[in-house]
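Trainee: I have a new structure open. Can you show me how to read it, feature by feature?

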Amino acid sequence: MSASGERLTRPRATADIELRHLSRTFGEIRAVDDVSFDVPAGLLTGFVGGNGAGKTTTMRMLMGVLSATAGEVLWDGRPITQLDRRSFGYMPEERGLYPKQAVLDQLVYLGRLRGLSAAAARASVTSHLERLGLADRAKDHVEKLSLGNQQRVQIVAALMGHPRALVLDEPFSGLDPAAVDNMADLLREHTARGVPVLFSSHQLDLVERLCERLVVLARGRVVASGTPEDLRSHSVARHRLVLSGDAGWVRGVPGIHAVDVEGSTALLEVVEHGAERRLLEEALRRGEVHEFSPQRPSLAQIYREVTA
Ligand SMILES: Nc1ncnc2c1ncn2[C@@H]1O[C@H](COP(=O)(O)OP(=O)(O)OP(=O)(O)O)[C@@H](O)[C@H]1O
């Protein structure tokens, strides 16, 4: 197929997903409580939160496999339909591959269900299996694969064809570092063509490395969202202080919270405006100051702050 012909057959993939006031209760449990956020076209949005925070329930409502108690999901500015969702790539929490079917046959079948022609499904599956290092396992039954390789097959199931959006529940879990990098490259190719991508993860270092946007959920509610820089700007500033002598005395300085003190090095939070001046004056009075530098807060620190 010519390049222009292929472009014509590809659906436009530039819309945003918008979640508006989504709630879901299970009996007495408020699993998701008035959750609103956007998954913008062309961006990788990381969805983080502790066990039971409500990520899977939110993604299930987004994908229509679970009804919402209240709220709605918009696609391209209007209420989403099941037909819209059929054009999305979805990796559910429950993985659901058939153990006794060959990898290639199974993926081509899933591609057909997504509306791809047999030839297009086979082509897409074959190239994805190659990208993920599984080309030589195409004829094996799924049950013969290691858990990490079964996870790669699930990834192909979600990413094949040209999904208009991607909703991925823990897509990186169980992957080795090389597969994580391959997966990250694949996701970037999708965002580069305008696809909104939402993925949940417990691996904060990974989310920090990959995501342009973040949504943090705690106890069913959104407690923070925005770019990593947005979230950092609301975080308490930390400083590293290195002295010539013991730094234990910093624990007693008013307006300063000593997060960690080890020998002559201290990690501090300035909780009262101007307290750093007091601290430095005292430090210089006692000896030499080798270093006093602001620390870029890690996502793990921000996460602890917003979910506390
Ligand atoms: N079908 C269900 N019936 C009853 N309670 C449920 C059901 N599904 C989820 N819950 C409850 O809803 C809350 C949110 O669960 P959910 O699986 O969405 O969290 P999560 O953020 O995905 O957690 P994890 O990171 O552990 O996968 C939990 O208290 C869970 O026990």
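This is a predicted model: local features need pLDDT of at least 70, side-chain atom pairs count only at pLDDT 80 or more; totals for chains, interfaces and linings use all residues.

Trainee: Which residues surround the ligand?

Mentor: Among them are F26, I29 and A31. G49, N51, G52, A53, G54, K55, T56 and T57 also surround the ligand. By type, the shell divides into 4 nonpolar, 6 polar and 1 charged.

Trainee: In which sense do β1 and β2 pair?

Mentor: Strand β1 (residues 17-26) and β2 pair in the antiparallel sense, over 7 bridges. L19 stands opposite F37 in β2. The hairpin of β1 and β2 has 2 residues between the strands, and G27 takes a positive phi near 60 degrees there.

Trainee: What does UniProt place at residues 17-244?

Mentor: An unreviewed UniProt entry places the feature "domain: ABC transporter" there. The span is 36% helix and 28% strand. Its end C-alpha atoms lie 54 Å apart.

Trainee: What does the domain assignment give?

Mentor: The assignment gives domain 1 (3-232) and domain 2 (235-307). Their C-alpha centres lie 41 Å apart. The contact takes 12 residues from domain 1 and 9 residues from domain 2. On the domain 1 side, α8 (204-210), β9 (213-218), β10 (221-226) and α9 (228-233) each supply at least two residues. That side divides into 9 nonpolar, 1 polar and 2 charged residues.

Conventions. Residues are numbered from 1 along each chain as its sequence is written. A residue is near a molecule or strand if its C-beta atom, placed from the backbone, lies within 6 Å of it. Ala, Val, Leu, Ile, Met, Phe, Trp, Tyr, Cys and Pro count as nonpolar, Asp, Glu, Lys and Arg as charged, and the others, Gly among them, as polar. UniProt positions are given in the numbering used here, feature names are shortened, and annotations may be inferred rather than shown by experiment. Helices (H or I, at least four residues) and strands (E, at least two) are DSSP runs, numbered from the N terminus. Two strands pair if DSSP finds at least two bridges between them. Domain bounds come from an automatic or database domain assignment. Two residues are in contact if their C-beta atoms, placed from the backbone, lie within 7 Å.
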